[in-house]
Amino acid sequence: MGYGSPRAQPGEIGGILIQPIGWGETPMSDWLHNLSVPWMAFIVFGFTYLLAIVIFASVAILSTKERATSFKSISPGMLPVLGILFGLFVAFTAAQVWSDSDRATAAVSREASSLRAVILLAGGLPPEQEARLRGLVRDYVEETVAVEWPMMARQAASLKAAPPALTAALRLVVSTPAQNPGQQTTQHEIITNLNSALDARRQRIIVSQTEVDSIKWWCLYLQAICELLVIALVHCDNRLGSAIAMGLFATGVATSVLLIAAHDRPFTGQISIAPTPLLQIMPDKEASR
């Protein structure tokens, strides 16, 4: 994310060893993000309503005649202030998630566009090198879809090893002697697009390791709990009104959390970025021989 929190994995970036940092690395988080949207909604709404019920029941039990007067002395003016603060938390967190999703989509599109340009430019090479280059692009796409995409979904993809197929493609183009100025220009453009594809892959893997960290989730729910508690205290003498107000706010909280959680990891879960652009530009086997 542009300003997000990467979930660090052991690996090497630019010669620097990256070690895990711990925040957000919980089996519960992995389990929740891999649920289908209906099941994720069931968990999120159930947990949020449970919090509201516990707060409502606690205040109802504690609001005796003596305490009710103290509870009622709390200014209702706190409700809009806390609500605005919660809305800001949601807005900032959602902005991070949308930014990550946009970056991931752009990286996949740029990678596919660069590889498509390589395939088209390969026609300017000798037939043997053209077939070999198309085959390497096909091998790269197949490995990316079959191996790298599931690893990104688990946030386990690493930048430590370069993709063998694209590395071999670069070596092939560099080692092929240019027979005329046109072929020399073609080789230069192929190398540029291969480097662009490699850079897009790096961006894709980096974004795949980002997510909303646990501190932000805790702060979001803590702010929601404060708002629910103030609603219960202000309306402690009207339990029906309190239950309706708390239910409505809890629904808004759960909806916001579900929307963010479903899009939190760009390559994980039911709503995730698929390798469709790469599959669409993959050369046919016959053309790669």
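Reader: Is glutamine 155 buried or exposed?

Author: This is a predicted model, in which local features need pLDDT of at least 70, side-chain atom pairs count only at pLDDT 80 or more, and totals for chains, interfaces and linings use all residues. Residues are numbered from 1 along each chain as its sequence is written, and side-chain values use heavy atoms, with hydrogens and water left out. Buried means under 20% relative accessible area, exposed over 50% and partly exposed in between (1.4 Å probe, protein chains only). Glutamine 155 has a relative accessible area of 0%, so this residue is buried.

Reader: What is the phi of glutamine 155?

Author: Glutamine 155 lies in the loop between helix H5 (127-153) and helix H6 (164-175); helices (H or I, at least four residues) and strands (E, at least two) are DSSP runs, numbered from the N terminus. Its phi is positive in a residue other than glycine, with a value near 55 degrees.

Reader: Are H5 and H6 roughly parallel or antiparallel to each other?

Author: Axes are lines fitted to C-alpha atoms, for helices over the stretch in contact, and angles run from 0 to 180 degrees between N-to-C directions. Angles under 35 degrees count as roughly parallel, over 145 as roughly antiparallel, 65 to 115 as roughly perpendicular and the rest as oblique. The axes of H5 and H6 cross at roughly 160 degrees and come within 8 Å. H5 and H6 are therefore roughly antiparallel.

Reader: How many residues of the contact of H5 with H6 are charged?

Author: Contact means heavy atoms within 4.5 Å. On the H5 side are Gln129, Arg132, Leu133, Leu136, Asp139, Tyr140 and Glu143, which meet Pro164, Ala165, Leu166, Ala168, Ala169, Leu172 and Val173 of H6. Ala, Val, Leu, Ile, Met, Phe, Trp, Tyr, Cys and Pro count as nonpolar, Asp, Glu, Lys and Arg as charged, and the others, Gly among them, as polar. In the contact of H5 with H6, 10 residues are nonpolar, 1 is polar, and the number that are charged is 3.

Reader: Are H8 and H9 roughly parallel or antiparallel to each other?

Author: Helix H8 covers residues 214-234 and helix H9 covers residues 239-263, and their axes are 9 Å apart at an angle of about 170 degrees. H8 and H9 are therefore roughly antiparallel.

Reader: How many residues of the contact of H8 with H9 are charged?

Author: H8 contributes Trp217, Leu220, Tyr221, Ala224, Glu227, Leu228, Ile231 and Ala232, while H9 contributes Ser242, Ala245, Met246, Phe249, Ala250, Val253, Val257, Ile260 and Ala261. In this contact of H8 with H9, 15 residues are nonpolar and 1 is polar, and the number that are charged is 1.

Reader: Which residue has its backbone nitrogen 3.3 Å from a polar atom of the side chain of glutamate 227?

Author: Glutamate 227 is in helix H8 and is buried, because its relative accessible area is 5%. Leaving aside neighbours within four places in sequence, glutamate 227 is in contact with Met78, Leu79, Leu82, Gly83 and Phe249. The backbone nitrogen that lies 3.3 Å from a polar atom of the side chain of glutamate 227 belongs to glycine 83.

Reader: Are H4 and H9 roughly parallel or antiparallel to each other?

Author: Helix H4 (residues 78-121) packs against H9 with the axes 9 Å apart and an angle of about 15 degrees. H4 and H9 are therefore roughly parallel.

Reader: Which residues of H9 meet H4?

Author: From H4 the residues are Phe86, Val90, Thr93, Ala94, Val97 and Trp98. Their partners in H9 are Phe249, Val253, Ser256, Leu259, Ile260 and His263.

Reader: How far apart are the C-alpha atoms of valine 257 and tryptophan 217?

Author: Valine 257 lies in helix H9 and counts as buried because its relative accessibility is 5%. Beyond neighbours within four places in sequence, valine 257 is in contact with Val44, Trp217, Leu220 and Tyr221. Valine 257 and tryptophan 217 are 40 residues apart along the chain, and their C-alpha atoms are separated by 8.7 Å.

Reader: Which residue has the backbone oxygen that the side chain of threonine 268 reaches?

Author: Threonine 268 is in the loop between H9 and helix H10 (276-281). Leaving aside neighbours within four places in sequence, threonine 268 is in contact with His33, Asn34, Met152 and Ala153. The backbone oxygen that its side chain reaches, at 2.7 Å, is that of alanine 153.

Reader: What share of the residues in the protein chain is buried?

Author: The protein chain has 11 helices and 4 strands. Of its 289 residues, the buried share is 43%.

Note on methods. Polar contact = N/O pair within 3.5 Å; in protein donor to acceptor, adjacent residues only side chain to side chain.
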